[in-house]
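Dear colleague,

I am handing over the structure we spoke about, with the sequence alongside. Please have it open while you read the notes that follow.

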Amino acid sequence: MIQESLRRLVSLVTSSLSYMTLWWSSVMSGQTALTIANDVGDASPTSSLMRRRGRSLSSSSTVERLLEHIRSRAWPSVVLHIKAFPEDASHCTSNRSTPLHLACLYKAPYDTMVALLEAAPPQAMAAQDEEGWTPLHVCLLYGYHTEETCLLLIRHATQAGAVATQSQYMGSPLHVGSRHGMSTVSFAALLKADPRTATCPNEGGATPATLLWHNFRKNSEVSDPILHQIHQHVDMANNYGNELQPFTATGIFLDHTSKELIELLDKMELLLHAAAKLKKGGSVNRAASTSWKMVHAAIEYSEVLGLPTEFVQLLILAFFHELREQDEWGRLPLHVALQNPGTWPFIPLLVQQWPEAASCLWNNTLPLHLALMQDVYRAANSPSPMYTPAISCLVSAAPDALSTRHESASPYSRHLNGLYPFMLAAVAKNSTTKASNTDNMTEEVVSTGTIFMILQAAPHLVLYN
């Protein structure tokens with residue numbers, strides 16, 4: 001009996017306090033006592049009759065009141081209004097935005113977002129305004145009240161299937177967050193919800209990796225010194241093959257006290273893990289995989305992620321100790337770069353940083369032989385623009401490879417066993433000329449130039465019988 005009385009007393013006090021809170025906020029915004037009574041659900045016959053005479057007729061006014069509460073950041077009033085009129089949470093304005101869009105715009109606190117999400121239907125997080133923005137897009141564009149609030153919205157967007165929704169201009173929520181500096185925790189949550197967003201370009205062709213790098217470069221105080229070092233090393237690497245002299249660089253040492261740089265590396269690594277997960281069709285956890293290497297992954301997934309060239313060069317120079325390490329397939333970063341024509345521009349820098357890599361076998365094949373045979377297997381395509389500079393660097397770093405015959409047990413290259421490098425280059429020339437009917441003259445000049453360069457470095461091979 002006493003407990004029941006206490007419960008009623010607490011309920012009465014709570015209702016009184018809620019009424020007084022709404023009354024005070026309404027007084028401050030110029031609302032009348034009748035409006036207040038309608039909002040809190042006054043039990044008087046007059047207010048009940050007004051609501052029974054057609055909620056549809058008065059709904060626009062209640063929605064406007066809710067939107068005004070949000071604009072004035074009267075968050076307690078928003079919560080009370082939603083409890084009284086839960087259907088207002090799913091109302092769409094003339095531009096197709098919802099109270100959730102507006103709440104995200106004005107950075108509503110966690111408890112307010114919870115109230116709105118509980119009142120709105122599950123698909124409310126998938127609602128797009130006239131420009132294709134969902135509430136999560138708005139949250140990430142204009143910032144959010146707390147990390148907890150952002151993660152709450154990501155969870156609900158995931159349940160609504162809207163975590164990868166593309167807006168008209170900016171792309172998915174991951175694109176927006178990459179461009180406008182979302183936290184690493186929220187970045188990881190978005191990638192976990194849908195790893196495919198890591199590789200998707202937006203309407204302008206930018207991937208999340210591109211936008212992350214652009215955002216990092218905006219802080220010139222942090223980025224300019226790093227870019228200066230990168231360009232110095234790349235210039236030296238591009239001249240390395242021409243000088244035909246061994247040169248070992250020591251990379252660059254990053255200032256790990258820079259918050260912006262640490263955040264960039266963390267997010268880029270998350271993107272690399274997402275790309276690896278998509279390729280392997282399962283989870284990829286660095287803690288569970290001792291073979292995970294940043295440089296290897298950056299080179300292998302640079303094209304699919306749209307990684308900026310400067311960023312891959314940054315990893316090569318900053319993590320140059322990984323140039324000596326093998327991945328789970330026994331490959332060095334140089335071997336990874338040689339397998340894809342799109343990553344050949346990184347070969348001069350990789351060789352410059354560790355010339356000994358040019359003498360390391362993979363599948364019993366030297367890098368120079370592997371490079372020359374790559375042109376055989378992509379016979380229908382014209383040679384990479386970096387074809388000659390890459391070959392030049394490999395020749396400079398490993399001159400003994402010029403006099404080494406190709407020997408491999410691989411069924412894909414066994415028919416080339418016994419050939420010297422200049423012969424492999426000749427085979428590449430013949431196959432490209434036969435397989436392609438366009439740009440034959442360019443292909444022939446490139447291949448002939450490669451043969452001449454090899455024979456010039458090892459003229460004794462001309463006497464081969």
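**What was found**

Please keep in mind throughout that this is a predicted model.

I begin with the core. The largest nonpolar core has 116 residues, and those with the most contacts inside it are Met113, Met268, Leu271, Leu272, Leu307 and Phe311. The helix that gives the most to this core is α14, with nine residues. In general terms, nonpolar side chains in soluble globular proteins tend to be buried together. If neighbours within four places in sequence are left aside, Leu307 is in contact with Ala209, Met268, Leu272, Ala298, Tyr301, Ser302 and Val312.

Helix α17, residues 309–318, is largely enclosed by the rest of the structure, because nine of its 10 residues are buried. Those buried residues are Glu310, Phe311, Val312, Gln313, Leu314, Leu315, Ile316, Leu317 and Ala318, and Phe311 is also listed among the residues with the most contacts inside the largest nonpolar core. Helix α10, residues 173–180, is mostly covered, with six of its eight residues buried, namely Pro173, Leu174, His175, Val176, Gly177 and Ser178. What covers the buried residues of α10 includes α8 (135–142), α11 (184–193), α12 (208–217) and α14 (259–280). After α10 comes Gly181, which has a positive phi, near 75°.

Next, the cysteines. The structure holds zero disulfides, a disulfide being, in general, a covalent bond between the sulfur atoms of two cysteines. Cys150 counts as buried, at 0% relative accessibility, whereas Cys92 is partly exposed, with a relative accessible area of 44%.

Is Thr98 buried or exposed? Its relative accessible area is 5%, so Thr98 is buried, the cut-off for that term being under 20%.

With best wishes

Methods:
Residues are numbered from 1 along each chain as its sequence is written. This is a predicted model: local features need pLDDT of at least 70, side-chain atom pairs count only at pLDDT 80 or more; totals for chains, interfaces and linings use all residues. Side-chain values use heavy atoms; hydrogens and water are left out. Buried means under 20% relative accessible area, exposed over 50%, partly exposed in between (1.4 Å probe, protein chains only). Helices (H or I, at least four residues) and strands (E, at least two) are DSSP runs, numbered from the N terminus. Contact means heavy atoms within 4.5 Å. A disulfide is a pair of cysteine sulfur atoms within 2.5 Å. A nonpolar core is a set of buried Ala, Val, Leu, Ile, Met, Phe, Trp, Tyr and Cys residues joined through side-chain atoms within 4.5 Å.
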